[in-house]
Amino acid sequence: DPFTPAAEIHGAMYQFGIGTEALSQADNLSNSGAVPGWNSPVSGNGEWNMVTQNPCLPGWRVPTEDDWQGVIDNNTIYYTADGGTSWSTSAPTWSNGEEDNGIKFGDALVLPAAGVRNSGNGSLAARGVQGYYWSSTNIGSSGRVLYFSNGFYSTTLLNPARSYGYSVRCVAE
């Protein structure tokens with residue numbers, strides 16, 4: 001169910017600018033520790049190339065920072081409550097490891113709090129507490145993300161290194 005932020009929809013993790021997953025969905029769910037061979041990100045200062053490095057299906061792309069800001073600006077925002085069984089506009093207090101936490105924008109988009117894969121070794125952090133979703137926008141050698149946690153959300157807070165592993169949610173072109 002795409003409207004229930006359960007572990008089954010957490011998905012794979014990607015590094016900025018790389019068109020293939022850094023960690024598959026199955027491996028992301030079964031391994032919270034360091035990832036052998038965690039690879040280095042694409043170097044440089046460019047945007048995520050949606051022609052040669054697009055992780056999305058044909059006709060789809062990674063959203064820009066402006067796309068994510070539009071989602072924030074034009075929707076009522078809800079958070080999971082009661083162990084993921086209901087939605088509320090009140091800011092939650094989520095706990096690490098609760099796989100059914102997430103945020104809902106309007107009635108059409110649910111994003112699980114899938115956490116992050118650390119830049120150094122790919123180990124998992126903040127699952128159930130934070131959500132990070134890549135945009136194709138960069139600031140210098142860093143990527144830009146939609147970030148949310150416990151009632152806070154922003155597209156401008158973080159300029160993470162490209163070697164972090166974050167979720168990708170594709171949008172139609």
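Trainee: Let's start with Glu65: which residues does Glu65 touch, not counting those up to four places away in sequence?

Mentor: First, keep in mind that this is a predicted model. Leaving out residues up to four places away in sequence, Glu65 touches Ser135, Thr137, Arg144, Thr155 and Thr156.

Trainee: And where is the place of Glu65 in the secondary structure?

Mentor: Glu65 belongs to helix 2, which covers residues 65–73.

Trainee: Is Glu65 buried or exposed?

Mentor: The cut-off for buried is under 20% relative accessible area. Glu65 has 14%, so Glu65 is buried.

Trainee: What joins the side chains of Glu65 and Arg144?

Mentor: A polar contact does, at 2.8 Å. Arg144 is also one of the residues on the contact list of Glu65.

Trainee: Now Ile9. How does its accessibility count?

Mentor: Partly exposed lies between the buried cut-off of 20% and the exposed cut-off of 50%. Ile9 has 25% relative accessibility, so Ile9 counts as partly exposed. As for location, look in the segment before helix 1, a helix that spans 25–30.

Trainee: What is Ile9 in contact with, leaving aside neighbours within four places in sequence?

Mentor: Asp1, Pro2, Thr4, Gln25, Pro112 and Arg169.

Trainee: Let's zoom out. How many helices and strands does the chain have?

Mentor: Two helices and 11 strands. Read from the N terminus, the order is α-β-α-β-β-β-β-β-β-β-β-β-β.

Trainee: How does the radius of gyration of the chain fit a compact globule?

Mentor: You set the value beside what a globule of that length would have. For 173 residues that would be near 16 Å, and the chain has 15 Å, so the two agree. Along the principal axes, the C-alpha atoms fill a box of roughly 40 × 35 × 30 Å.

Trainee: What about burial and contacts over the chain as a whole?

Mentor: Of the 173 residues, 46% count as buried. Take the contacts between residues at least 6 apart in sequence: 60% of them join residues at least 24 apart.

Note on methods: Residues are numbered from 1 along each chain as its sequence is written. This is a predicted model: local features need pLDDT of at least 70, side-chain atom pairs count only at pLDDT 80 or more; totals for chains, interfaces and linings use all residues. Side-chain values use heavy atoms; hydrogens and water are left out. Helices (H or I, at least four residues) and strands (E, at least two) are DSSP runs, numbered from the N terminus. The radius of gyration is taken over C-alpha atoms; the globule rule is 2.2 Å times the number of residues to the power 0.38. Buried means under 20% relative accessible area, exposed over 50%, partly exposed in between (1.4 Å probe, protein chains only). Contact means heavy atoms within 4.5 Å. A polar contact is a pair of N or O atoms within 3.5 Å; within protein, one must be able to donate a hydrogen and the other to accept it, and residues adjacent in sequence count only if both atoms are side-chain atoms.
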